[in-house]
Amino acid sequence: MNRKIQDFIQWMLIDPRHPEIAKAQYNELKHQIPALYALLMVNAIAVAYTHYDVAPSYLTVGILAPILVITSIRLIAWVRAGATELGTEDSIRKLRQTIVLGSLMAIVYITWSLSLDGYGGPVERGHVSLFIAITVIGCIFCLVNLPQAAIMVMLIVNVPYLTYYMLQDHDVYIAVAINISLVCLVVLKVLLNVYSGFCKLVRSQADLALKQKETQRLNAENERLAHTDALTELPNRRYFFNRLETLISQREGTGSVFAVGVVDLDRFKPINDTYGHQLGDHLLAEVGNRLKSLKIPNFEVCRLGGDEFGFLYPGNMEEATAIGQRICEQVSVPYQIGDLQLSVGASCGVALFPEAGKSAHVLFDRSDYALYHSKTATRGRTTVYSAEHEARIRSERAIESALQSADLSREFQVFFQPVVALPERAVVGFEALVRWYSPVLNEVEPDQFIAIAERTGLIHRLTKSLFEKAVRQINALPGNLTLSFNLSAHDVTSVDTVVALLDIIRRHGIDPRLITFEITETSVIDSYEAAEICLQKLRSAGVKLALDDFGTGYSSLGYLHRLPIDCVKIDRSFVSGIKDQVAGDVISSIVGLCRSMHKICIVEGVENKCQLDALQNLQCRLVQGFYFSPALPFDSVHESAHATGTVAGLPLSDRDASEDFRLSTA
Ligand code: C2E
Ligand code: CA
Ligand code: CA
């Protein structure tokens, strides 16, 4: 019981625990109170008018006038309040003020009206009674949204009213007073019902607003997650392309430029392969942090996937290049992860809007093309897509289309470059090098079309067709000459191709020990697992494997240990600089390393006598190069081999296939 009374009192004083209801109450009330005051004033003036002649003028005018002035002031204040929105605390304060002021007004008006009752005849007295009755009911109605005030007004008016008329000792007055009081109670009951419905509505609206807010928050969070890369917490690929599209549409036709950059990590793959994916992920997150900390205004950087990042920057070529360079430098600073100190590099490609393209995919492709250029030619640097690249893309497209329609067996030839044994200078075998005479493009360099054949998937057919031709031709030469054949990255990871190559060896009945497949580090690095399976398959069939272009990659020694290879081919760049102390030392140490690991070592690119002498001093046993012979067409090799037992003036070796070991240990 006590609790209920406490609750009631708290409710009467406007419960601050329901601020949303207080606010809604105030908002409704501010439209109804002016009507209440207007009603009060009009009714009071009417009573004063009918009593003007019968009551003293201090009552009808003297007292009423200031009451009306105060009422008008309140009315105007409420009309003004209608235009302003209050916060919850102010609303509560205003409601409490209204209850107090309303009660005071009720006291003033009931006192004033009852004091008029002593004047005039029954009609005037009836008017007073009617005035009080309709005014109080009207006021209670106007206070429907503030029942606390309605209850106060009703009590303040009805108690003296009922008491006063009960004491009049006149049946009609007593009946009217009881009647009015009952009506007031009923009205109050209805009013409280309406109010409770109002509260429910407000609460459910508040709940709904809360839910809507939560839904909005969740939507925003989902949106953020959908555009964020989980590992680095950078914006992701989707965000990158959305932003790119937006930038294009904002800047189209405005003459303003912006840069699209793609950054790819160098040496990340071997780190990932060696230390595992968990460490690789950790490293990527660290790279992400470095990129986040760059703090370049208007610069947006995203992770596009794998070890590739993209950036957008509203600036010109110079600015974009500077940013690309800054990224490459920042990323290259070594990382301390646990006990390990790791270092990766970064290469960057940039394309500028609108110069390089006007659509998202063209701009991205071009920055990717520029990146490819950085990766292959200027590792660790930034390349901006230029007209030169444009021309190259055109020529690549021409090669691609000529390649698609080429007749492989007629247009492609195998040329043979002798592999020469020192010091006797005898030809022990040949490296097969492809030549393409296209009826459309004339002669095309292998470096150009091999990459395109790989990209278009044509390489598998080409490799099989060329290898078949090369095996047939080497078989037609006298003696036991070796054949070295270059395999591309795609061949090295395709089991089907490997099976087909072994089948060719078997069908032609050639001793597999005479065949060497040349591979490069870069060709196995991207899919090491797949390559390893293929290489083991080849090796167990008895053929040899050579690591080509040795010394140009980045983790040469690591791969020398990991890959199942028999032979190392030292890249010609070392020979051309052999006079230089460093290059000479490199060759010397690789030759020594091969000897201690029992691997055959071939030095490529010998172009003059001076180089040859230097190599002989370094105890090199096998060499290739223009000094002896370029790659020759089969017909000339065949003719001279049979006619004179020489090729390019050098005698053919009469060694046996099983003698290779001698070459590595000599
Ligand atoms: P590679 O395997 O390193 O081949 C050696 C390249 O150096 C050949 O160029 C050869 O002509 C050239 N060369 C030989 N001796 C000298 C020299 O003393 N000085 C100089 N400056 N160059 C010399 P080529 O024939 O243009 O081949 C280029 C590349 O194309 C090859 O590099 C190889 O990676 C690839 N390739 C050639 N034929 C084939 C093939 O049948 N299949 C595949 N997958 N790739 C091939
Ligand atoms: Ca080669
Ligand atoms: Ca080579």
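Predicted model: local features only at pLDDT ≥ 70, side-chain atom pairs only at ≥ 80, totals over all residues.

Me: At what angle do the axes of helix α2 and helix α5 cross?
Reply: Residues are numbered from 1 along each chain as its sequence is written, chains are lettered from A and ligands numbered from 1 in the order in which they are written, and side-chain values use heavy atoms, with hydrogens and water left out. Helices (H or I, at least four residues) and strands (E, at least two) are DSSP runs, numbered from the N terminus; axes are lines fitted to C-alpha atoms, for helices over the stretch in contact, with angles from 0 to 180 degrees between N-to-C directions. The axes of α2 (residues 19-51) and α5 (residues 122-142) come within 9 Å, and their crossing angle is roughly 180°.

Me: How many of the residues in the contact of α2 with α5 are nonpolar?
Reply: Contact means heavy atoms within 4.5 Å, and the residues involved include Leu-36 and Leu-39 of α2 and Phe-131 and Ile-134 of α5. Ala, Val, Leu, Ile, Met, Phe, Trp, Tyr, Cys and Pro count as nonpolar, Asp, Glu, Lys and Arg as charged, and the others, Gly among them, as polar. One residue is charged, seven are polar, and the nonpolar ones number 13.

Me: Which strands stand at the edges of the five-stranded open sheet?
Reply: Two strands pair if DSSP finds at least two bridges between them. The sheet has mixed pairing and the order β2-β3-β1-β6-β7. Each edge strand has a single partner, so one side of it is left without a neighbour in the sheet; these strands are β2 (300-305) and β7 (382-384).

Me: Which residue of β7 stands opposite Cys-348?
Reply: Strand β6 (residues 345-353) runs parallel to β7, and three bridges join them. Opposite Cys-348 stands Thr-382.

Me: Is Leu-403 buried or exposed?
Reply: Leu-403 sits in helix α13 (residues 387-404). Its contacts, leaving aside residues up to four places away in sequence, include Phe-412, Trp-436 and Phe-449. Buried means under 20% relative accessible area, exposed over 50%, and partly exposed in between (1.4 Å probe, protein chains only). With a relative accessible area of 2%, Leu-403 is buried.

Me: Which residue forms a cis peptide bond with Phe-353?
Reply: Most peptide bonds are trans. Here omega is about 0°, and the second residue of the pair is found in the loop between β6 and α12. That residue is Pro-354.

Me: What is phi of Glu-233?
Reply: Most residues other than glycine have a negative phi. Glu-233 lies in the loop between α7 (171-226) and α8 (237-251), and is exposed at a relative accessible area of 59%. Its phi is positive, near 60°.
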